[in-house]
Amino acid sequence: MVVQMQGDSRHPMIKKIIHVVTLLHAAHGSKGGASFNLASGRIPTGSSDSYDASFSGATDGSSERDGWWRASPHDNPSFLLLDLGAPAIITSMNITGGDPSFKMLRTIRSGDGIDWAIVRQERTPHHCLGRRTTQHAGWEEPTRYIIIQMEDHCSGVHIGRFSLAEWRVYGFYDAGMVQKYAKTWPHCENLGACFEYVDLEAAQATCLADPDCDGFSFSAASVSRGRGGGCYKTLCKDDGNNGYGHGSHGYW
């Protein structure tokens, strides 16, 4: 799916130039992108959760007690893993704790889910007070996957469970396209011939270079990286009105 401004009536070539400049700024860590909560609507996974406080509670937009995430007993350290769907520039994070639980936080990042790097390890004594929000600086490296690992129980919480009320990740997408669906694609009009065994980045570049391209389907098995087949789509604003296909392809 191409990320575009609604109601943009500029000449396609001007839009194309502006888009290339935007990508160059993003690639150099520009903070000019409009930051928003990238975690909103994305459910993390992790080391464990609880029947009454599942993974979805960490990013559901609510800090109320019935919307928390809570690890299972004796899960120490505990971690949450968030897939942002596409590489992004992270400008900041904030974390609202649940019950008093952890006093050390380790943040780990990856652009592809294969190579990982530790961003930082920091002490978080405020989370021993419960329901406190801490602010955490971002970083410049494009990141798709983020792990936050909670360590070191607070005094008096020897076998208690780590918990979070809300995890917010602010930033903007580094690429001009984002993965919208993993195993679904809209039945919009095809733009030219479909393709096979094409590198994902090459398919993205081809779509971004054509002002009529609204997105493209791509083999579900390699929808996040690698080579695959699919079709470029046009006249596909808001996914069109011809329904969807399911299973074999995702959609960018």
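Okay, quick definition before we start: a residue counts as buried under 20% relative accessible area, as exposed over 50%, and as partly exposed in between. Keep that handy, and keep in mind that what we're looking at is a predicted model.

So, take Cys 194. Its relative accessible area is 41%, so Cys 194 is partly exposed. Its partner is Cys 231, and the two are joined by a disulfide, with 1.9 Å from S to S. Where do they sit? Cys 194 is in the loop between strand S10 (189-190) and strand S11 (195-199), while Cys 231 is in the loop between strand S13 (227-230) and strand S14 (232-234), so the bond ties together parts 37 residues apart in sequence. Cys 231 has 14% relative accessibility, so that end counts as buried. The link is right-handed, with 100° about the S-S bond.

How many disulfides does a search of the whole structure find? Four. Let me show you two others.

Cys 128 and Cys 154 have their sulfur atoms 2.0 Å apart. This pair links distant parts of the chain, 26 residues apart: Cys 128 is in the loop between strand S6 (116-123) and S7, and Cys 154 is in the loop between S7 and S8. Cys 128 is partly exposed because its relative accessibility is 26%, but Cys 154 is buried at 3%. This link is left-handed, at -90° about the S-S bond.

Then there's Cys 207 with Cys 213, at 2.1 Å from S to S. Here Cys 207 is buried at 1%, and Cys 213 is buried at 2%. The link of Cys 207 and Cys 213 is left-handed too, at -100°. If you number the bonded cysteines in sequence order, the pairing reads 1-2, 3-8, 4-7, 5-6.

Now, on to the core. The largest nonpolar core has 37 residues, and Trp 167 and Phe 216 touch the most other members. Among the elements that supply at least two residues each are strand S5 (102-110), helix H2 (200-208) and strand S12 (215-219). The largest share, eight residues, comes from S4. Have a look around Trp 167 on the screen: leaving out residues up to four places away in sequence, its contacts include Pro 44, Leu 80, Met 93 and Ile 148.

Last stop, Ala 34, in the loop between helix H1 (12-27) and strand S1 (36-37). Buried or exposed? Exposed, because its relative accessible area is 65%. Beyond its sequence neighbours up to four places away, Ala 34 touches Gly 171 and Phe 172. Ala 34 and Gly 171 are 137 residues apart in sequence, yet 7.4 Å apart from C-alpha to C-alpha.

Note on methods: Residues numbered from 1 in each chain as written. Predicted model: local features only at pLDDT ≥ 70, side-chain atom pairs only at ≥ 80, totals over all residues. Heavy atoms only, no water. Core = buried A, V, L, I, M, F, W, Y, C linked by side-chain atoms within 4.5 Å. Buried < 20%, exposed > 50% of the residue type's maximum accessible area, 1.4 Å probe, protein only. Helix = DSSP H or I, 4+ residues; strand = E, 2+ residues; numbered from the N terminus. Contact = heavy atoms within 4.5 Å. Disulfide = S-S within 2.5 Å.
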